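I opened the notebook to look at how the parts of this chain meet. My entries follow the display.

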Amino acid sequence: MSRVTEIRYVGYGVVDFDAEAGFYADVWGLERVPSDDGMAWFKTQGHDEHHVVRLRKADENRVDVIALAAPINADVDALAAQVRAGGGKIVHEPQALTTPGGGYGFRFFSPDGLLFEVSAGVARGPSRQLAQWEGVPEKISHIVLHSPDHKALVKWFCDVLGFKVSDWLGDFMCFLRCNSAHHRFAILPGPPCLNHVAYDMLTLDDMMRGAHRLKQKGIDIGWGPGRHTAGNNTFSYFVTPGGFVAEYTSELEEVDFETREATVHVPAPLVMDQWGIGTGGPQTLPHPHPNPGLFVAIEA
Ligand SMILES: [Fe+2]
């Protein structure tokens, strides 16, 4: 594996804090993690990652931080050195973290100005084996970003963070792995911002049952259901009250981290979606715009 081994959580700043918190707790299927910092922290029931979402009340809707996992403190130190050597802007050096779950980590800006954190030793939370048809997320699956220079950002993920390229879709979408999952990140052209965050569902039936719950609560599928070619994962995309795209996915391909060779998929309707029966498409989801606060460190 690479020194970065997983995604931990995504922190958002949201104008309508109550609506977004209600969405994750009552609609999306996450559980609130107790805290006394005025923010809302959520975890999945099906995995012991301490939390996967953080919400902060803010003046505009934005991504605050994308947090990644490293195995041990020495990996955090090594990654901080690599970020520094790669010209990255360090926000704070490796130190004990005061966020829920603690741990040891550092923060830095990506070349595009999005805030990242890498940490080790964060406390594990409770988890249980999900059962088929529960239709709630097991864990974060992957994150897709836009970048004004997407090929440079791909190179940065590989050279600095240790990711490997699993596939390209044409020359505009790159899928990157940091473990045996086909991708944990994908990168598209566009303004510097988040495209979406995907959550693994136990089975295809769980993705569909989850979509049912959202429909019952008044949120229709924005794009899907379908099955991508790169990663062979199923998908259904939704939009949160704050305008962020979240995905239920299942059956993401497992690969050999060291030896998989990248392939190039030629874009076509039945490559983007092998089933071709879903509603909507990328064009029916919110259009990307630059994330507010690029290269500005938030206090929390
Ligand atoms: Fe996705």
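I began with the contacts between the two domains. I found 37 residues of domain 1 in contact with 36 residues of domain 2. The model is a predicted one, and I read every value below with that in mind.

I then looked up the bounds. Domain 1 covers 6-120 and domain 2 covers 139-284. Taken over C-alpha atoms, their centres lie 20 Å apart.

Next came the area. I noted that the size of an interface is often expressed as the accessible area lost when the parts come together. Here domain 1 and domain 2 bury about 2,800 Å² between them. Carbon and sulfur atoms account for 74% of that area.

How many salt bridges are there between domain 1 and domain 2? I counted 2. I looked up the pair Lys139 and Glu6, which form a salt bridge. Their closest N and O atoms are 3.5 Å apart.

I turned to polar contacts. Between the domains, 11 residue pairs are in polar contact, with both residues at pLDDT 80 or more.

Which elements each supply at least two residues of the side of domain 1 that touches domain 2? I listed the strands β1 (6-14), β5 (62-69) and β7 (104-109), and the helices α1 (17-28) and α2 (73-85). The largest share comes from β1, with 8 residues.

Last, I sorted this side of domain 1 by class. I recorded 23 nonpolar, 8 polar and 6 charged residues on the side that touches domain 2.

Terms used. Residues numbered from 1 in each chain as written. Predicted model: local features only at pLDDT ≥ 70, side-chain atom pairs only at ≥ 80, totals over all residues. Heavy atoms only, no water. Domains from an automatic or database assignment. Contact = heavy atoms within 4.5 Å. Buried area = accessible area lost by both parts, 1.4 Å probe. Salt bridge = Lys/Arg side-chain N within 4 Å of Asp/Glu carboxyl O. Polar contact = N/O pair within 3.5 Å; in protein donor to acceptor, adjacent residues only side chain to side chain. Helix = DSSP H or I, 4+ residues; strand = E, 2+ residues; numbered from the N terminus. Nonpolar A, V, L, I, M, F, W, Y, C, P; charged D, E, K, R; others polar.
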